[in-house]
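Look over the sequence and the model. Then work through the questions below.

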Amino acid sequence: MLRYVNHDIVFQEFPDEVTLAVNLSCCPNGCPGCHSAYLQKAVGDELTEERLFSLIGTYQGEVTCIGLMGGDNDPVRVMHLLSAVKRRFGNNLRTGWYSGRQELPHGFLPEVFDYVKLGPYRSEFGPLKERTTNQRLYRVAGGKLEDITCRFWKQ
């Protein structure tokens, strides 16, 4: 089960997107120095399709992307929910997932995603905006993952 704690409109998580970012709890990764350690606990309400569609409806026309932030405790459910978003909105709403895992889950469905971020936060490597980061952001197109992490780096 996925639990969501809160949501916000963000502009930096996925390049060129206005994203409705939904923060999910029950994170199993336990990254030292996590900036959202409260999300490691089982807090919040269940994120159902109905609730997700309601959140999207509140911001329809204002956002270009829906981002699930977390969900590593139930990646199958993440894929199910984003698949439902794709069925309902098609290419009119892009989908993204921030995962703290190093690798994609078994049974990963690339057609469900437009963006995927992988990698646990490691303070010694820094966040995505640092060239030394261990995290990677991918754009998914045609079933292939293109590393676009450099979009966060200042030239």
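Q: In what order do the eight strands form the open sheet?
A: Strands here are DSSP runs of E, at least two residues, numbered from the N terminus, and helices are runs of H or I, at least four residues. Two strands pair if DSSP finds at least two bridges between them. The pairing in this predicted model is mixed, and the order is β3-β1-β2-β4-β5-β6-β7-β8.

Q: Which are the edge strands?
A: An edge strand here pairs on one side only. The two that do so are β3 (45-46) and β8 (144-147).

Q: Which residue in β3 stands opposite Tyr 4?
A: Strand β1 (residues 3-10) pairs with β3 in the antiparallel sense, over two bridges. Opposite Tyr 4 stands Asp 45.

Q: How far apart are the end C-alpha atoms of helix α2 (residues 75-89)?
A: The expected span is 1.5 Å times one less than the number of residues. For 15 residues that gives 21 Å. The model agrees: the ends are apart by 21 Å.

Q: Which elements do the buried residues of α2 pack against?
A: Buried means under 20% relative accessible area (1.4 Å probe, protein chains only). Among the buried residues of α2 are Val 78, Leu 82 and Phe 89. Contact means heavy atoms within 4.5 Å. They pack against α1 (49-58), β4 (65-69) and β5 (94-98).

A note on the values: residues are numbered from 1 along each chain as its sequence is written. Local features need pLDDT of at least 70, side-chain atom pairs count only at pLDDT 80 or more, totals for chains, interfaces and linings use all residues, and side-chain values use heavy atoms, leaving out hydrogens and water.

Conventions. Buried < 20%, exposed > 50% of the residue type's maximum accessible area, 1.4 Å probe, protein only.
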